[in-house]
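Subject: Structure handover

Hello,

Here is the structure I promised to pass on. Please open it first, then read my notes below.

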Amino acid sequence: MKKITGFVITDILKNKIILFYTLILAVFSWSVFSLEDNTAKGVLSLLNVILLTVPLVSIIFSNIYMYNSSEFIELLVSQPIQRKTIWSSLFTGLVIAMNMAYLLGVGIPVLIFVPDMTGLIIILTGMMISTIFISIAVLCSILTRDKARGIGFAIITWLFLTLIYDGLVLFLMFQFSDYPIEKPMVIVSALNPIDLARIMVLLQVDVSALMGYTGAIFKQIFGTSLGLIVSFGLMMLWIIIPFLISLKKFKNKDL
Amino acid sequence: MKKYLYIVCFLVFCINKSTAKTIHVGPGKTYKSIRSALSYADNFDTIIVHHSQYKEGNIVINKRIALLGEGWPVLDGQHKYEVISIKADNVVFSGFQVQNSGFATLHDPGGIKVYDGIGVIIENNILENNFFGIYIQYGKNCIVRNNRIKAYGVEEQQIGNGIHCWKSDSLQIIGNNVQGHRDGIYFEFVTHSVIWRNISKNNIRYGLHFMFSNDDAYINNFFDQNGAGVAVMYTKNVVMYSNTFKNSKGDAAYGILLKDISDAEIIGNRFLDNTIALYLEGANRMLIKKNVFSGNGWGLKIQANCMDNVITENNFYANTFDVATNGSLVLNTFDRNYWDKYEGYDMDKNSFGDVPYHPLSLFSTIIENNPTAMLLYRSFMVSLMERTEKLIPSLTPDIFRDNQPVMKPYKL
Amino acid sequence: MIELINIKKNFGKTEVLKNVSLMLDAGQCIGLIGPNACGKTTMIKAILSMVIPSEGKILFNGNNIIGDVAYKNHIGYMPQIGRYPENMSIRQVVNMIKNIRKYNSPIDEELWHAFGLDPVSDKKMSTLSGGTTQKVSATLAFLFNPDILILDEPTAGLDPLAAEVLRDKIIKEREKGKLILITSHLLNELDDLLTHVIFMQDGEIILHETIEDLYAGTGETKISKAINNLLKSIRK
């Protein structure tokens, strides 16, 4: 497992796209914190990156990488190695490489400019989001043999989670605005990892605004240490479930 | 009439001056108790109380005397009595630690309570754990200065106000520090008074609360972390200069809540990190000028029933929403403010932006109608909607705008 | 050594293997022949558990291979079209497989040298010709001195010289008593190599005989002719 993971990591780190990704993240993070006079604003600009760029790059890069690794996978399957080991190694390799890119690009400037709980939450949620979208990408890659369809599927998933889901939530809010919908809506939002990540960071930064009407419930649900644990638990589920499904599919896949 | 009164006062003062005496109270002194010294004292005497614990129940001052503490003597009400009741004019009460007044909701016992006093001076006292701190009713020309008032209230119903003034006139509330009461400073039917350089912090309800109190001035006060900020209601002709309103956070928490106010000036104040910095409801003919709104959830919330208010030369930075309103009617003027969200340009270099700024965002309008939508704040979808709205305004009123936004923040 | 019992495999609606049962033993060199798309490669992949059979089981030395990977230590596999990670060099691929295999006995690098791979070993896999890729595949198959060799179209794409080298190597290994399974279209290449012949058509095994029986039955001395004869007799 370790050996194959090692191969995967070195292979990805040789890739120019991942270097470019790291560089872009770094340039953006540094400029955000150097240009904005207050760090809260910087954190919010950075939040956009975590919620848009990081998932998009994670899902597309991982998806393509999985398709491009089909030869590698075929070679390994003919060798005396468990399929589980092969699949987990590829996933782990992707997770480590992408998170390294994220930590180098975003983690270091955040630790320098926001060395507190907020910074920590930003780094953690960013890593979670990266990993979640790698997990989804891996699942998309096993669902169809056709690379174009697989990538299309990945992009649609990303679009759904970043945009369409929130649109549906807003629609529901207006449909049921006569009912006490705060709590159900909070729960619905928590089911989308991107919304969850956003709320977790906002609770750290934009407290005053959020503490308004919905804010109280917000704080009540996510603000406690239990809420934090549940939030991270939900994110862990987003990592584990797609991966386990993909693993099960891979175990029965014909190469 | 007033003139004659002053002359008489002066004459009385001159006559008595020669006979005024100083009485010492304390362990090893002639008088062991304040009560006995008070009954011995005449008008215009000075009683000096030396450091000790005095548990004498309710002490009533009904002579024109100065009661001065030395080394912070402690007057303890043992949670049963009103500690000091001032029922004479021109009393000076200074240098004491007044603590543990009785707790009752019926007759509002206070640490120090002034009944119908004129020219009473209460200064340099420490008040700890009283129901009401300093209570003035029917007072006139009284001065409350440099007192430190602290209580440990948990619930609104079980604690009184720090400085409570009722039906009074020409008061000076200066340099006091009030913490942990229900309202820090409370004014009801108090006129021609000044509140200057006070600190009001961590009070359960309002840092400052006044109603029906016309012609007052609030200058250089500091309000921090009060449950619901500052509330100003049913009042005319007030000025609020250079105050700081900070950290009022929570549902229904305001830097200042203005309700049915007219002809007020709010100038040079700082609103920092409040849920709602300035809330206007039924407020008319206000001048809101040279204030700083920074890091608030909402900078200004103007209800549609506000008219003829002028909002000018303010700085708006890092607020989640600069302005929100509940209607489409715009009867207020925004002019020459600095908005950090302004994305316009200044081609003619006259330091004003060449295109108007629309401070009302689509999302803030959505929030007004459907507060739950706050859940979607800063989501990609909302940013996308905001962008579209900025380009093609369709839902927010186009006339709600600042025609001359300044390019650089004012130095405030 | 390897036993297939009632193996069936469907890809969607197409039945690729229809109830295949087979027994392969050490010391045999078996030619697996048949027209295109008859299920040869699928059967081989099933033995390597690269394809999971829909029904039936495969035994290796009496043990079911499902869930087992250790048996692959005894198999050297040369795929029909070797596909390798494109941005790895030949040496990296070989080293990686060595690394993964945890093989302690001396490595058989005969083919590595015979094919002259050493001078080109720093080339990326993506830049290699089909023939060189096949050489790498062959080298990898023989590298760990396996008891079983499964060679899928081994000579396709190889130049005659290299094909000869490989042929010699196969004979050499056969002499050591290994089980060798070869598929090929070029039947005349298989003369003198085989001990058994399996003929497959439409996912079924039509013929499984020793080479002597085949020759005796058809009266031929060349595999190609013998098979042709056989086919004619079947079609009649």
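Of the two pairs of chains in contact, which chains share the most contacts? Chains A and B do. Two residues are in contact if their C-beta atoms, placed from the backbone, lie within 7 Å.

Some ground rules. This is a predicted model, where local features need pLDDT of at least 70, side-chain atom pairs count only at pLDDT 80 or more, and totals for chains, interfaces and linings use all residues. Residues are numbered from 1 along each chain as its sequence is written, while chains are lettered from A and ligands numbered from 1 in the order in which they are written.

How the chains meet

The contact between A and B takes 23 residues from chain B and 35 residues from chain A. On the chain B side, nine are nonpolar, ten polar and four charged. Here Ala, Val, Leu, Ile, Met, Phe, Trp, Tyr, Cys and Pro count as nonpolar, Asp, Glu, Lys and Arg as charged, and the others, Gly among them, as polar.

Chain C also touches chain A: 19 residues of chain C are in contact with 17 residues of chain A. Helix α2 (residues 90–101) of chain C gives the largest share of the chain C side, five residues. That side holds twelve nonpolar, three polar and four charged residues. Helices (H or I, at least four residues) and strands (E, at least two) are DSSP runs, numbered from the N terminus.

Chains B and C do not touch. Their nearest C-alpha atoms are 37 Å apart.

Chain A

Look at helix α4 (residues 53–68) of chain A. This helix has 16 residues and reaches 22 Å from its first C-alpha to its last. That is close to the 22 Å expected at 1.5 Å a residue (1.5 Å times one less than the number of residues). Its buried residues include A:V54, A:P55, A:F61 and A:M66. A residue is buried if 20 or more other C-beta atoms lie within 10 Å of its own, exposed if 12 or fewer, and partly exposed in between; C-beta atoms are placed from the backbone.

Now find A:T5, in helix α1 (residues 2–13) of chain A. A:T5 is buried, with 20 other C-beta atoms within 10 Å. Leaving aside neighbours within four places in sequence, A:T5 is in contact with A:S89, A:T92 and A:G93.

Chain B

Chain B is divided into domain 1 (20–227), domain 2 (249–358 + 401–412) and domain 3 (361–396). These bounds come from an automatic or database domain assignment. The centres of domains 1 and 3 of chain B, taken over C-alpha atoms, are 50 Å apart.

Strand β37 (residues 321–325) of chain B is mostly covered: five of its five residues are buried. It pairs with strand β34 (residues 298–302) of chain B in the parallel sense, over four bridges. Two strands pair if DSSP finds at least two bridges between them. B:F321 is the bridge partner of B:W298.

Chain C

There are seven helices and ten strands in chain C. Buried residues make up 41% of its 236 residues. The C-alpha trace spans about 55 × 40 × 35 Å along the principal axes of chain C.

Four strands of chain C form an open antiparallel sheet, in the order β2-β1-β4-β5. The edge strands are β2 (14–24) and β5 (63–64) of chain C, and each pairs on one side only. Two bridges join strand β4 (residues 55–60) of chain C to β5(C). C:L59 stands opposite C:N64 in β5(C).

Best wishes
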